[in-house]
Amino acid sequence: MAIVKGFRHTGIICKDIVKSLEFYRDYLGFMVIQDFWDDSEYINEITGISEANVHMIKLKAHDGTVLELLDYITHPTELIEQEVYTVGACHLALQVYDIEVAYEELVSKGVSFISRPILSSEGIAKVCFCFDPNNTRIELVEML
């Protein structure tokens, strides 16, 4: 019997949740479905920290995929810089309608990219990576 039923959401810890919200909502088109703070015993218990106050914003893509932005108000974080091949480093892959249009629009808004969109080695997609305001790598993919 399978343990996993399906994919629920991806959570991203934010240095600046306002900038992150702007990136995901205004630049990429996610829609806010929840925006709340939690300082309950529940959040302290499941995270293993004490006296937590967490600002959470849940966003939904057009296909229903959920992304959760988290700002641990009482436990500030710092940005980390890691190479893409570092153990523990992660990325979020998002399918886009037109990667060239997405690339140009995001560059015009000051988003940093590793490269321009290029054809994948198997020839089935065009791909590029950019960084969100938390230095999380975002892989943009246009399936051909």
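pLDDT is the predictor's confidence in each residue, from 0 to 100.

**View 1. Confidence across a predicted model.**
This model is predicted: local features need pLDDT of at least 70, side-chain atom pairs count only at pLDDT 80 or more, and totals for chains, interfaces and linings use all residues. Residues are numbered from 1 along each chain as its sequence is written, and side-chain values use heavy atoms, without hydrogens and water. The protein averages a pLDDT of 91. At least 70 is the score of 99% of the residues. Confidence is highest in helix α1 (residues 17-27), at a mean of 98. It is lowest in helix α2 (residues 41-47), at 88.

**View 2. Helices and strands in order.**
The protein has 3 helices and 8 strands. Both are DSSP runs, numbered from the N terminus: helices are H or I, at least four residues, and strands are E, at least two. Along the sequence the pattern reads β-α-β-α-β-β-β-α-β-β-β.

**View 3. The buried side of helix α3.**
In helix α3 (residues 99-108), the buried residues are Ile99, Ala102, Tyr103 and Leu106. They lie on the same side of α3 because they cover an arc of only 100° around the axis. That arc is taken from the directions from the helix axis to the C-beta atoms. An α-helix has 3.6 residues a turn, so residues three or four places apart point the same way.

**View 4. Partners of helix α3.**
The buried residues of α3 pack against α1, β7 (125-131) and β8 (137-143). Contact means heavy atoms within 4.5 Å.

Key
Buried means under 20% relative accessible area, exposed over 50%, partly exposed in between (1.4 Å probe, protein chains only).
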